[in-house]
Amino acid sequence: MKDNPRALAVCILARVDDEKAFAEPLLDSVLAAGHPADEADRGLLTFLVYGALRMRGFLDFLIDRSYHGEPAKLEPVVRNVLRVALYQIRFAERIPAYAAVNEAVATAKRLAPGRDKLVNAILRNALRGCTDVELPDRGADPAGHISIAHSHPRWLVERWIAGFGAEETEALCRADNEIPPLALRVNTLRISRDEMLARLACAGLEARAAAWSPDGIILAKPPAAPRGMTEIAEGLLFIQDEASQLVSRLLAPRRGERVLDLCAGTGGKTTHLAALMEDGGEIVAADIQQAKLAALESTVRRWGISIVRTALADATDPAGTAALGSFDRVLVDAPCSGLGTLRRNPEIRWHLTEQRLAGFASLQGRILANAAACVRPGGVLLYSTCSVMAEENDGVVTAFLQTHRDFSPVRPAADFPAGAVDETGAFRTFPHRQGTDGFFGALLIRRR
């Protein structure tokens, strides 16, 4: 089974469901262990895992109409075998339907003994009916139509229609299901973007300069396990979406300043801030998880950065954040729903609930208030999320400004990409507009 991409895909999908885990680290772990060995099968495994997650709602719609029993009682392992098979039948141009069915039956024999005949029957039913499957009518039920056709939870589609309208919601959902480009950020402390592009070309890799980020590179045909690239191991490249790269440029730190990255995580933005400061000044990278700070410290060493100091801190604790001191610039890359990153993390749409979404704004507001206390008079505060939800973005900033009269919104610097700034001066990107992940950023200055 270790080298069978379809069986491996079913196992990874099961863990995503059972553990509410992200697919990327599970997939990386399997690929790093050398499974499957064949490069084409490694690519197929990635294609199947992400594809089945992106189109899960649509695939389940087909399964439920092809199963003559009670859909809710279908065993999870059988459903995942069917999802992987149907994704190949509907979306893999080079895989014949009969081959997908035969592989699914063989997988069921190994992972769900005794259920192979059921898998075969459901897939045969689906094959007979899937070419003329009738979706909810777009005019009478736009949320139902978009939800099934573009595989998003109905409650989320209804919210987006209320905020963006049906046409833009459909465009956003369609973009969420596209395979995103592999975006990389160059460590400009050690190599220029042009030099890196030349190096990648010499290695036979097709790469181009990113459209939005001056530090970004887009790799046209990435390897199945891009984290194994030599340039990443050497600390010359970092995997990071273009919109995420723009967050550090929005804060615009200067050499010699004192900067706080309050929710630093594993340090993607911390290392970018250090590069923009030309490794001069001081960055305090704070996070509540020691394991993330350890990973950050490892990255900082690999990148040859000297100005970063880590601090274990709970961003929701006013006393803990106050102890970090006063800073020229503070970045709050707040914990959020991640609904701007569904291209890369499609499982989020199936794990997130309305109840959990409702809890983010309160958490984000507390963290933003604590971060504000660390900003010196005349200093700058940046609130950012990778969400497209108004309640996590505009709503949090509006509530903050109502209780912090010493802060005012400011527009980004003149050299910041104008196409990523809306009419209010906020940084705002969407997959269907800019071709990047969905990000938000509000720049605030402390007047006194």
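**Entry 1: the cavity**

How do the residues lining the largest cavity divide into nonpolar, polar and charged? I started my notebook with this one, keeping in mind that the model is predicted. My search of the whole structure found one cavity of 30 Å³ or more. I noted about 50 Å³ of space in the largest cavity. Its lining is made of Arg-6, Val-10, Val-81, Val-84, Ala-85, Gln-88, Ala-100, Glu-103, Ala-104 and Thr-107. H1, H5 and H6 are the elements that give two or more residues to this lining. Sorting the lining by class, I got six nonpolar, two polar and two charged residues.

**Entry 2: the nonpolar core**

Next I looked up the largest nonpolar core, which has 48 residues. Which of them touch the most other members? I wrote down Leu-45, Val-49, Leu-74, Leu-82, Leu-86, Val-119 and Leu-123. The elements giving two or more residues to this core are helices H1 (5–19), H2 (23–32), H3 (39–54), H4 (56–66), H5 (76–91), H6 (97–111) and H7 (116–129). H5 gives the most, with eight residues. A handy reminder for me: in soluble globular proteins, nonpolar side chains tend to be buried together.

Leaving out residues up to four places away in sequence, Leu-123 touches Leu-82, Ala-85, Leu-86, Val-101 and Ala-104.

Where is the cis peptide bond I came across? I found it from His-35 to Pro-36, with omega near -10°. Pro-36 sits in the loop between H2 and H3.

Ser-151 has a phi of about 55°, and its place is in the loop between helix H8 (142–149) and helix H9 (154–164). Is Ser-151 buried or exposed? Buried means under 20% relative accessible area. Ser-151 has 0% relative accessibility, so I count it as buried. Glu-278 is not a glycine either, and its phi is also positive, at about 55°. I located Glu-278 in the loop between helix H14 (268–276) and strand S6 (282–287).

**Entry 3: a pocket**

I turned to the second largest pocket, with a volume of about 240 Å³. It is lined by 16 residues, and Gly-163, Phe-164, Val-388, Met-389 and Ala-390 lie nearest its centre. Which element gives the largest share of the lining? I found that it is H9, with four residues. By class, I noted seven nonpolar, four polar and five charged residues.

**Entry 4: aromatic rings**

How many aromatic pairs does a search of the whole structure find? I got eight. Phe-238 and Trp-303 have ring centres 6.1 Å apart and planes at 75°, so I filed the pair as edge-to-face. Phe-238 is in strand S4 (residues 237–239) and Trp-303 in helix H15 (residues 290–303), so this pair ties together parts that are 65 residues apart in sequence. Both of these residues are buried.

Phe-400 and Phe-407 came next. Their ring centres are 5.4 Å apart with planes at 65°, so this pair is edge-to-face; the angle is over 60 degrees, the cut-off for that label. Phe-400 is buried, with a relative accessible area of 4%, and Phe-407 is buried as well, at 5%.

To finish, I noted a cluster: ring pairs link Phe-47, Phe-58, Tyr-87 and Phe-91.

Note on methods
Residues numbered from 1 in each chain as written. Predicted model: local features only at pLDDT ≥ 70, side-chain atom pairs only at ≥ 80, totals over all residues. Heavy atoms only, no water. Core = buried A, V, L, I, M, F, W, Y, C linked by side-chain atoms within 4.5 Å. Buried < 20%, exposed > 50% of the residue type's maximum accessible area, 1.4 Å probe, protein only. Contact = heavy atoms within 4.5 Å. 1 Å grid on protein atoms, 1.4 Å probe; cavity = no way out; pocket = protein on both sides within 12 Å on 5 of 7 lines; lining within 4 Å. Points joined across faces, edges and corners; volume = space filled by probe spheres on them. Nonpolar A, V, L, I, M, F, W, Y, C, P; charged D, E, K, R; others polar. Phe/Tyr/Trp six-rings, centres within 6.5 Å; stacked < 30°, edge-to-face > 60°.
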